[in-house]
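User: I am new to this structure and would like to learn how to read its features one at a time. Could we begin with the pockets?

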Amino acid sequence: MTQPDPRAALIPDQSARITVATYTAYLDAQRAVDYLSDQKFPVERTAIIGEGLKTVEQVTGRLDWGRAAGLGFGQGLFVGLFVGLIFSFLGLGSGNVLFSVAYGMVLGAIFGVVWGLVGYALSGGRRDFTSIGGMRAERYVILADAEVAEQARTLLANLPPR
C-alpha cells in the first residue's frame with residue numbers, strides 16, 4: 001500500500017481557481033507572479049500551471065568506449081576533488097592539503113573510468129548516445145482563487161513591458 005504524498009495537502013484543488021493570465025514562457029509567468037508579490041497581492045492564492053506538457057530529450061553525442069571512459073574520468077575527477085577537499089578540511093590528509101586533494105582526484109579519476117566503462121558495458125549497446133532531457137509546456141497559466149482573481153487581473157494589466 002502506497003502512502004499519500006504529504007505535500008499534496010499543501011496544493012489546493014485547482015479546479016476551483018480562475019485563469020487570470022496565460023504566457024508562452026515560464027519566465028514570463030514567474031515575472032507576473034513576482035510583480036503581483038511586489039504589489040502586496042496574496043500570491044499564496046495563485047498557482048502557475050504548465051499546460052500541454054511534453055518531455056524533450058536532446059541528443060548531445062555518440063557514446064562509445066572512449067567517450068564512456070572520458071565521461072567517467074571527468075566525473076570521477078570532480079568527485080575525487082570534492083572528497084579530497086573534505087578530507088583535508090577534516091584533517092584526515094596527514095596535514096597536507098595538496099596531497100589530500102591530488103590523491104582524491106587520482107583515485108576519483110580511476111574509479112570514474114572504471115565505473116564509466118562498467119556502466120557502458122552493462123548497457124549492452126541499448127543506449128549508445130548521451131543526452132539531456134527536460135519538460136516543456138506549450139503555455140503557462142496563472143490561476144487565482146475566485147475571490148482575488150479580478151484583483152490579480154487588474155494588477156497584471158499594469159505589468160510593465162519588458
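User: What volume does the largest pocket have?

Analyst: Rolling a probe the size of a water molecule over the atoms shows where empty space is left. Grid points are joined across faces, edges and corners, and the volume is the space filled by probe spheres set on the points. Here the largest pocket has a volume of about 230 Å³. The model is predicted: local features need pLDDT of at least 70, side-chain atom pairs count only at pLDDT 80 or more, and totals for chains, interfaces and linings use all residues. Residues are numbered from 1 along each chain as its sequence is written, and side-chain values use heavy atoms, with hydrogens and water left out.

User: Which residues lie nearest the centre of the largest pocket?

Analyst: A lining residue has an atom within 4 Å of a point. The lining of the largest pocket has 16 residues, and G80, V83, G104, L107 and G108 are the ones nearest its centre. The elements that give two or more residues to this lining are α2 and α3. Helix α3 gives the most, with 8 residues. Helices (H or I, at least four residues) and strands (E, at least two) are DSSP runs, numbered from the N terminus.

User: How many aromatic pairs does a search of the whole structure find?

Analyst: Rings of Phe, Tyr and Trp (its six-membered ring) pair if their centres lie within 6.5 Å; planes under 30 degrees apart count as stacked, over 60 as edge-to-face and the rest as tilted. The search finds 3 aromatic pairs. One of them joins W65 and Y120: the ring centres are 4.8 Å apart and the planes meet at 85 degrees, so this pair is edge-to-face. W65 belongs to helix α2 (residues 65–89) and Y120 to helix α3, so the contact ties together parts 55 residues apart in sequence. Another pair, F99 with Y103, is stacked, at 5.6 Å centre to centre and 15 degrees between the planes. F99 and Y103 both sit in helix α3, 4 residues apart, which is about one turn of the helix.

User: Which residues make the nonpolar surface patch?

Analyst: Patches are made of residues with over 30% relative accessible area and no salt bridge; like charges are joined within 9 Å, and nonpolar side chains (Val, Leu, Ile, Met, Phe, Trp, Tyr) within 5 Å. Accessible areas come from the Shrake-Rupley method with a 1.4 Å probe, and for residues only the protein chains shown count as cover. The patch covers about 910 Å² and is made by F99, Y103, V106, L107, I110, F111, V114, V118 and L122. One of these residues, Y103, lies in helix α3, which spans residues 97–123.

User: How many salt bridges are there?

Analyst: A salt bridge is a side-chain nitrogen of Lys or Arg within 4 Å of a carboxyl oxygen of Asp or Glu. The count comes to 8 salt bridges. One of them joins D28 and R162, with the closest N and O atoms 3.2 Å apart. This pair links distant parts of the chain, since D28 is in helix α1 (residues 26–38) and R162 is in the segment after α4 (149–157), 134 residues away. D28 is partly exposed at 24%, while R162 is exposed at 70%.

User: Where do E147 and R45 lie?

Analyst: E147 is in the loop between β5 (139–145) and α4, and R45 is in the loop between α1 and β2 (46–51), so their pair ties together parts 102 residues apart in sequence. Their side chains meet in a salt bridge of 2.5 Å, N to O. E147 counts as exposed at 61%, and R45 as partly exposed at 27%. R17, R45, D145 and E147 are linked in a network of salt bridges.

Technical notes
On a 1 Å grid over the protein atoms alone, a cavity is a set of points where a 1.4 Å probe fits but cannot get out, and a pocket is an open set with protein on both sides within 12 Å along at least five of seven lines; lining residues have an atom within 4 Å of a point. Buried means under 20% relative accessible area, exposed over 50%, partly exposed in between (1.4 Å probe, protein chains only).
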